[in-house]
Amino acid sequence: MNVMLKPPGQELVITRDIKAPRERVFAAWTDVKLSSVWWVPKDCTLVSCDMDVRVGGEWRRRMRVPDGTVIDKWGTYREVAPSERLAFTYNTRYADGRLDPETLVTLTFDEFEVDRTRLTLRHSGFWDKASRISHTGGWNSALDRLHDSTQA
C-alpha cells in the first residue's frame, strides 16, 4: 500500500462568534439563496451557486475574481447534521486550468449564549503553506460577509 503524507501544520482553523441563532447560521451555509449572498471573498463576485445539501450531494460555485477571470469551486457533502455540523470536500479550478488538490472543510455550529453561535471552520489537506495562507484570507473575507448577512 502506498501512503502519501501531507506536510504537518497545513490545516486552517477559524472561529467566529456570530450574533445569530445557530439554525440561522447553519441555514446560511445550506440554503442556496442565503449562501449566494455571502459565500465569496469581498473583492469577488458570485457568478453562480448550486447546492444539493445531503450526504453525497454536490455543491458548485463560480466566482469572478478582481482580474476578471472566473474560478470554479466544487465539492461533495460528506456530513450533514442540521444546525450542528457540516463537512464537504473542496476543489478549485483556476481560469488557466490549474487544479488545486482536493481538501476538506468541516464546520461546527455551537450555541454558546442565547441567539449566539460559535462557528468553527476547519479546512484541512493543503499541500503547501502558500495555499493555506491564500485560503485564510479568502475565508476570513467571506466570513465577514456571512456575519453581516446573518444580522438581519
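Is F88 buried or exposed? In this predicted model, F88 is buried, because its relative accessible area is 0%, under the 20% cut-off.

The model is scored by pLDDT. The protein averages 91, and 93% of the residues score at least 70. Confidence is highest in strand β4, at a mean of 98. It is lowest in helix α3 (residues 129–149), at a mean of 90. Over residues 1–6 the pLDDT falls below 50. Beyond near neighbours in sequence, that stretch has four contacts in the model.

Aromatic rings come next. The structure holds 13 aromatic pairs. One of them joins W39 and F88. Their ring centres lie 5.9 Å apart, and their planes meet at 65 degrees. The pair is edge-to-face because this angle is over 60 degrees. W39 sits in the loop between α2 (32–38) and β2 (45–51), whereas F88 belongs to strand β5 (residues 85–93). The two residues are 49 residues apart, and their pair links distant parts of the chain. W39 has a relative accessibility of 3%, so this residue also counts as buried.

F88 has a further partner in Y77. The rings of Y77 and F88 are 5.9 Å apart, centre to centre. Their planes stand at 70 degrees, and this pair is edge-to-face. Y77 lies in strand β4 (residues 70–81) and F88 in strand β5, so the pair ties together parts eleven residues apart in sequence. Y77 counts as buried because its relative accessibility is 2%.

These residues belong to a wider group. Ring pairs link W29, W38, W39, W59, Y77, F88, Y90 and W139 into a cluster.

Charged groups also meet rings. The charged end of R98 sits over the ring of Y94, at 4.3 Å from the ring centre. R118 lies over the face of F112. Here the distance to the ring centre is 4.3 Å.

Helix α3 contains W139, one of its buried residues. W139 is also a member of the aromatic cluster. An α-helix has 3.6 residues a turn, so residues three or four places apart point the same way. Helix α3 has 21 residues. From its first C-alpha to its last, α3 reaches 30 Å, close to the 30 Å expected at 1.5 Å a residue.

How values were computed
Residues are numbered from 1 along each chain as its sequence is written. This is a predicted model: local features need pLDDT of at least 70, side-chain atom pairs count only at pLDDT 80 or more; totals for chains, interfaces and linings use all residues. Side-chain values use heavy atoms; hydrogens and water are left out. Rings of Phe, Tyr and Trp (its six-membered ring) pair if their centres lie within 6.5 Å; planes under 30 degrees apart count as stacked, over 60 as edge-to-face and the rest as tilted. Helices (H or I, at least four residues) and strands (E, at least two) are DSSP runs, numbered from the N terminus. Buried means under 20% relative accessible area, exposed over 50%, partly exposed in between (1.4 Å probe, protein chains only). A charge sits over a ring if NZ of Lys or CZ of Arg is within 6 Å of the ring centre and within 35 degrees of the ring normal. pLDDT is the predictor's confidence in each residue, from 0 to 100. Contact means heavy atoms within 4.5 Å. The expected span of a helix is 1.5 Å times one less than its number of residues.
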